[in-house]
Amino acid sequence: MKKAQPKAIFLKDYQPPAFDITDVHLTFNLHPTETVVETKLKIRARSGKKKGTLVLNGEELKFLEAALDGQTLSEGDYSVGPDHFTLNRLPKKSNKSFELSIKNVINPQANTALDGLYLTGNLFCTQNEPEGFRRITYFLDRPDVMARYTTKIIADKVTCPVMLSNGNPIASGDLTGGRHFVEWHDPFPKPCYLYALVAGDLGMIQDHFITKSGRKIDLRIYCDQGAESRCQHAMQSLRESMKWDEDTFGLEYDLDIFMIVAVGAFNMGAMENKGLNIFNSAFVLADTKSASDDDFNAIQGVIGHEYFHNWTGNRVTCRDWFQLTLKEGLTVFRDQEFTSDLGSRAVDRIHQVARLRAAQFPEDQGPTAHPIRPASYIEINNFYTPTVYEKGAEVIRMAHTMLGPVGFRKGIDRYFKLYDGQAVTTDDFLHALSVANRGFDFTQFKRWYKQAGTPKLKAKWQWKKERSVFELTLEQSCAPTKGQPKKLPLHLPVRVGLLNRAGAEIPIKQDILHVRKKKETFVFKNVKEKPLPSLNRFFSAPVILETPYSFEELAFLMAHDTDAFNRYEASQVMGTKVLLDLAQKKISPKQIPQDYFNAYAKLLRDSKINESLKAKALSLPPEGVLHLEGKIALIHPVHQASLDLHRELAHALGRDMQDLYGDLDRKNQGPYCLDPRAVGIRALKNKLLHYMAQSGPDGIALALKQYETAQNFTDQLAAFQALIWWGSEEESDKISRRFYDQWKHDNLTIQKWISTHALVPHVKALNRVEKLEQDPVFDKKIPNFVRALYGVFRQNHAQFHRLDGEGYQFISDRIIQIDKINPQMASGLSKGFSLYHRLPLELKKHMKGALDKILAANPSKNTFEIVSKTLGKKNG
């Protein structure tokens, strides 16, 4: 039987709840298949609201009984359905508090969606954001209902010696039958999506942090037994996060204990539950034997992100899920500032923008484009997106640029003064920034929250020598997106500079231009020598910048711009020009301009440029970003162009690369170090290794030598990837088996083995992927494995977009299978079809067949929403 088409939910229909739940007392009697949950709710009707029935959300619950103010309810007093509990008769004085008690049963073992309370191995764990709490008990499952929680957990003492929940522990003890209990109380009101419970046999490391006010905070990180030694970097990152938030924003932690639990099966990266953060183990566990520099940096960023949510997300939360960017965009900005302060700000900024372009720009130009504050959704899980997170952070960054660090800090202080303990909106946030800064006008700026799409900013300029005037004309536009055929001009803060022929800065009075109109001209006076403009410095506005730079001018900026981001940006613009010319057959590989090679030779030889920046500049524009150029995505021509350009650079600069690699290798000897300089040396060394591995047998021999002699996992992994991707089949198979035998008992590391094979750039990639899913280490019920194999294979553009359509069929079949296990994972994989409307006709036909097949399988509403939007179908 075909399911009814899911209906959309609209922001315009928001209504405040008719009832408040002020206090929640939960008792869990844990059992793998029959966990009994007893819930006591203190409820009161909101004044001015029409009183009728009370409807609580519920899913996958077995109802047992209910009581009102201690009196057992009869069947006529309530009704229970698959998605609700309805109290038909309210107390006569419902404007005063009344107590509703409900007992129900849930099956954690059967919960493969990993939403609500689930069992992974022998560990009980929760994930309630956004709407998982309704799978635990009946509740007003919405973020604007904030309550104080007390939790009593009862479980077997042997299998669950550790039992955790939000807040502070207040009681514990032994019970009969080998069971025991612990009770937790959280004094701070919170929405139910921040509720958490964990129970199992866990290892732990412990530390403490002394706040500026002198309070001692107990810090604990829990993990699988035996993995404790891999938690030290996470603990250090937590302490650094707490200190940074006090120093930068004056925000001190408010409970007596802060806990993190590392979980192997988790849908998200991490979850900021009050006082009890639950993390995907990939963002906690690391040591120098099995973790790369990227792993260590990711852990630092995610630990910071979730800790910072304690204020931007927990103390002040979202009124409704349309406001998700209120907490996520702001907190991504905060974690970006944190990692930049502790590392290299310029390199961090390059990384942030590269991620934005690779993940968010395609979303903004695809079938699921939406504003950072969406107007509607079918399944809110589908809106935990790069737009809401990364673009949301860019919007916050623009506000920071406009107000300056001091003004922004004043705004944040006012935000907490006005709204601490409340569920609010993005408009409330901008109001706080405004009133703290003499009424700064954000009226036009608010369009960023309502309009989808990536703006384009076209620049033209001229220098009028006789008047010593430089005129810069900026024209903004934004392509139509679904439901938004016409876009209004946005407020763009564009940071600029002018360089003379020696590369020195020409003094200007204003380095931030506020672009508010569709087309504006800015005049710089007293410019006595011909300048070259450096535009959108530090990527001050998240736009696609179109400029008339020549190759010579780009090479000049790459060598001389005082803005490190724009030096990198010049390399990316040059690379894009060359790759598109190759893909469109305007030039052959032997006709690549010599100016391009000269620019890179100069880059490699320049000892004043740090290694991290060189490594970033040597990275060619990703194929996925180039697919957005033009109306038709040139999938296979772009892939071939990328292969050709890598090889030509390696051949043209081979001697320079070899010499620099040798110098870096000598500097890289000795104990592993994670400071920015050491990380940059390894990044550049391994970037050069990959270029040389594509140039022939000598490069492969060098990769094999590095694999054999690597003193850290970063170097071992880089050499392994080079050998798998560019070595002969015999070399690849041999090194693959060695890596597998070494790491097959370590899930996080073997997932890197899987993803490396999924990215193999040749026609046998699909066969490899099919074999990998049959390997004993692979488990499609664990999200990290799904992402490592199927998610990464989607990024293998030439093989996913095979001309015979087999790549599409393979992924569509797996989406149908996984949708029955975990709809969130299936809908995430479905986003890989986002190029549908840009594909050449034959590929488009193949993809349509795969998408139609998914819809014919009666998918979950998660997957239905993504697939139907991709096909351009109307939904409710």
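Strands S14 (residues 168-174) and S15 (residues 179-191) pair in the antiparallel sense over 6 bridges, where pairing requires at least two DSSP bridges between two strands. Strands here are DSSP runs of E with at least two residues and helices are runs of H or I with at least four, numbered from the N terminus. Asn-168 has His-185 as its bridge partner in S15. The two strands form a hairpin with 4 residues between them, and Gly-177 in the turn has a positive phi of about 70°.

The model is predicted, so local features need pLDDT of at least 70 and side-chain atom pairs count only at pLDDT 80 or more, while totals for chains, interfaces and linings use all residues. Residues are numbered from 1 along each chain as its sequence is written, and side-chain values use heavy atoms, with hydrogens and water left out.

Further along comes an open sheet of 3 strands in the order S28-S27-S30, with antiparallel pairing. Its edge strands are S28 (512-515) and S30 (532-535), each pairing on one side only. S27 (residues 492-499) is joined to S28 by 4 bridges, and Arg-495 is partnered with Ile-512 of S28. Two helices lie across this sheet: H5 (residues 386-419) covers S27 and S28 at about 65° to S27, and H8 (residues 551-560) lies across S27 and S30 at about 65° to S30. Angles run from 0 to 180 degrees between N-to-C directions, with axes fitted to C-alpha atoms, for helices over the stretch in contact.

Helix packing can be followed in H16 (residues 697-709) and H17 (residues 713-726), which meet at an angle of about 145° with their axes 8 Å apart. The contact (heavy atoms within 4.5 Å) includes Ile-700, Leu-704 and Tyr-707 of H16 and Phe-720, Leu-723 and Trp-726 of H17.

A search of the whole structure finds 51 aromatic pairs; rings of Phe, Tyr and Trp (its six-membered ring) pair if their centres lie within 6.5 Å, with planes under 30 degrees apart counted as stacked, over 60 as edge-to-face and the rest as tilted. The rings of Phe-539 and Phe-565 have centres 5.8 Å apart and planes at 50°, so this pair is tilted. Phe-539 lies in the loop between S30 and S31 (544-546) and Phe-565 in H9 (residues 564-583), 26 residues apart. Phe-539 is buried at 1% relative accessibility, where buried means under 20% relative accessible area, exposed over 50% and partly exposed in between (1.4 Å probe, protein chains only).
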